[in-house]
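Subject: Structure handover

Hello,

I am passing the structure on to you. Please look through it first; my notes on what was found follow below.

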Amino acid sequence: WSNKNFSWTKKLEYYNKKVFGNLSFRPNQEEIIDATMSGHDVFVLMPTGGGKSLTYQLPACICRGVTLVISPLVSLIQDQIMHLLQANISATYLSATMEWSEQQEILRELNSDCCKFKLLYVTPEKVAKSDVLLGCLESLYARDLLPRIIIDEAHCVSQWGHDFRPDYLGLGILKQKFPTTPILALTATATACVKEDVVRTLGLSNCIVFRQSFNRPNLSYSVIPKAKKCLEDIDKFIKENHFDECGIVYCLSRMDCEKVAEKLQEYGHKAAFYHGSMDTSERAYVQKQWSKDEINIICATVAFGMGINKPDVRFVIHHSIPKSIEGYHQECGRAGRDGQPASCVLYYSYADYIRVKHMIISSIMEQTPPTSGCNHNDVTNSGMVLETNTDNLLQMVSYCENDVDCRRLLQLVHFGEKFDSTNCQKTCDNCLKVRELVEKDVTEIAKQLVELVKSTRQQFSLAHILEVFRGSLSQIVKKHRHETLRLHGAGKHLLKGEASRVLRHLVTEDVLVEEVKKSDLYGTVISVLKVNEAKATDLLSGRKIVTLRFPSSS
Ligand code: ADP
Ligand code: ZN
């Protein structure tokens with residue numbers, strides 16, 4: 001897209017400078033704008049802080065009509081509109097919490113022939129529930145005044161992502177009703193599976209995908225075994241490395257947030273808690289204090305963060321294991337948005353893993369009330385949601401238990417990126433460890449893993465294969481009767497993380513391939529391990545030796 005000369009190219013440059021006050025475009029911004037202005041559906045994966053907003057706000061300024069933006073949170077929307085109004089761009093939003101008369105006035109303006117608004121923001125449930133809004137959009141469309149539809153935080157469409165919002169599922173209606181209006185879907189987090197799910201749910205056609213590296217060079221990563229005195233450790237870490245600086249401590253539960261905040265206050269930090277059970281005004285208050293630097297540490301559940309634009313967050317601490325690598329990457333991404341160095345520290349214990357696992361199970365049970373026999377669909381679906389969530393969590397466990405490989409590499413592999421770990425420049429704990437690594441022959445383990453994948457008929461995920469190999473007797477393992485396989489438990493004696501490293505190595509070497517599997521019955525997407533026969537034959541016949549480097553003590 002870069003070398004084409006479009007009729008709007010000059011105008012873009014002008015607006016970027018004069019209206020948005022930017023000296024130039026950031027990577028991909030201009031290409032994305034060209035693609036959407038050419039009328040294509042576009043899917044954008046760009047890390048937080050990459051500059052996604054400009055890719056639709058700028059086109060909105062130079063196109064005739066009103067650009068519709070779907071965004072998940074009213075607080076996010078208000079923040080965006082404030083910035084737009086400051087730049088003299090006319091924008092508004094509609095939400096259920098607004099006075100009826102105010103809504104009426106906005107609708108009247110939208111229906112008028114010379115509507116002044118360039119952007120209209122709405123939350124997804126508004127699209128699903130408001131016939132008045134749909135009618136208004138239909139009228140704009142009929143008058144050729146609906147140039148573009150934006151789906152912000154598009155990963156919320158997918159149940160397989162870490163932040164599913166049911167209201168996003170209804171957005172498929174937009175493509176049906178407004179087939180000639182291009183859609184631009186934006187997210188800072190999506191694996192191949194999530195992307196496919198989003199594209200399918202929204203009904204995007206021949207969509208152009210932009211994907212930017214997820215590496216955040218200014219963040220450092222480490223995982224620390226979680227001890228009983230974890231809070232003392234956290235206190236010490238902050239005082240030694242980030243005294244009086246701004247940071248977030250992510251906690252698992254509401255209780256944890258309050259407990260951790262209280263303890264940190266005792267240690268003399270300006271800390272507060274933030275979670276979903278507080279009412280809106282309490283949360284807004286904490287957020288305000290934080291942005292004004294009146295408090296500098298927020299102990300929060302994952303409810304805190306979306307739309308947090310504080311540039312000088314110097315550390316993100318995970319007090320417990322996060323639910324997925326995607327979620328972890330995004331939560332860490334709230335640190336160092338100003339490009340300056342920032343630390344991400346995760347406190348890991350196996351006990352927390354068990355705790356999170358139970359939380360996942362009970363939250364899925366709550367979401368799916370027991371059905372009366374005939375609704376087989378729902379039961380199967382919740383089973384798959386459970387498997388996906390468990391898989392996500394198990395990947396996180398492997399990440400934490402891996403004390404050899406570069407943390408950046410481990411994260412980026414997850415997003416399908418290649419990364420040379422020498423570029424980490426020792427900014428993760430594993431790269432920093434100065435210790436001797438010795439080469440070890442793991443060919444036998446590799447063979448067993450490939451055979452195991454074959455014996456499960458190549459229908460299961462990496463995390464599941466690992467569970468079976470380690471001899472797990474979990475509900476899911478039993479459901480598929482995998483405890484009866486010959487190689488069930490064959491890897492029991494191995495060190496923590498060893499099997500997972502070998503398995504992942506086989507994927508990077510293309511002996512095994514992670515393939516997106518579509519379940520046509522329910523339209524769900526998960527990724528499963530397949531055997532690449534050509535390469536696997538070399539391994540199984542003994543022509544290929546697999547070695548990995550391990551710390552010399554093992
Ligand atoms: P994202 O939505 O991808 O997290 P934003 O759209 O909020 O990122 O942009 C992050 C910051 O970068 C904002 O402060 C924005 O003004 C700034 N920004 C975006 N594009 C440019 C650019 N081309 N030049 C300079 N600053 C930019
Ligand atoms: Zn590293």
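The shell around ligand 1 is made up of 3 nonpolar, 7 polar and 2 charged residues. Its members are Asn22, Phe25, Arg26, Gln29, Met46, Thr48, Gly49, Gly50, Gly51, Lys52, Ser53 and Leu54. Please keep in mind that this is a predicted model.

Next, the sheet. Strands of a sheet pair through backbone hydrogen bonds, in either a parallel or an antiparallel way. Here, 7 strands form an open sheet with parallel pairing, and their order is S3-S4-S2-S5-S6-S1-S7. Strand S3 (91-94) and strand S7 (208-211) are the edge strands, each pairing on one side only. On average, and ignoring direction, neighbouring strands of this sheet are turned by 20° against each other.

One pairing inside the sheet can be followed down to residues. Strand S2 (residues 67-70) is joined to strand S5 (residues 149-151) by 3 bridges in the parallel sense. Valine 69 has isoleucine 150 in S5 as its bridge partner.

Helix H2 (residues 29-37) lies across strand S1 (42-45), strand S6 (183-187) and S7, and runs at about 160° to S1.

The remaining notes concern helix packing. Two packed helices are described by the angle between their axes and by the distance between those axes.

- From H20, Leu462, Ile465, Leu466 and Phe469 meet Ala499, Ser500 and Leu503 of H22. By class, this contact has 6 nonpolar residues, 1 polar residue and no charged ones.

- Ile445, Ala446, Leu449 and Val450 of H19 meet Ala499, Val502, Leu503 and Leu506 of H22. This contact has 8 nonpolar residues, with no polar and no charged ones.

Which residues of H22 meet both helices? Ala499 and Leu503 are in contact with H20 and also with H19.

Regards

Terms used
Residues are numbered from 1 along each chain as its sequence is written. Chains are lettered from A and ligands numbered from 1 in the order in which they are written. This is a predicted model: local features need pLDDT of at least 70, side-chain atom pairs count only at pLDDT 80 or more; totals for chains, interfaces and linings use all residues. Two residues are in contact if their C-beta atoms, placed from the backbone, lie within 7 Å. Helices (H or I, at least four residues) and strands (E, at least two) are DSSP runs, numbered from the N terminus. Ala, Val, Leu, Ile, Met, Phe, Trp, Tyr, Cys and Pro count as nonpolar, Asp, Glu, Lys and Arg as charged, and the others, Gly among them, as polar. A residue is near a molecule or strand if its C-beta atom, placed from the backbone, lies within 6 Å of it. Two strands pair if DSSP finds at least two bridges between them. Axes are lines fitted to C-alpha atoms, for helices over the stretch in contact, and angles run from 0 to 180 degrees between N-to-C directions.
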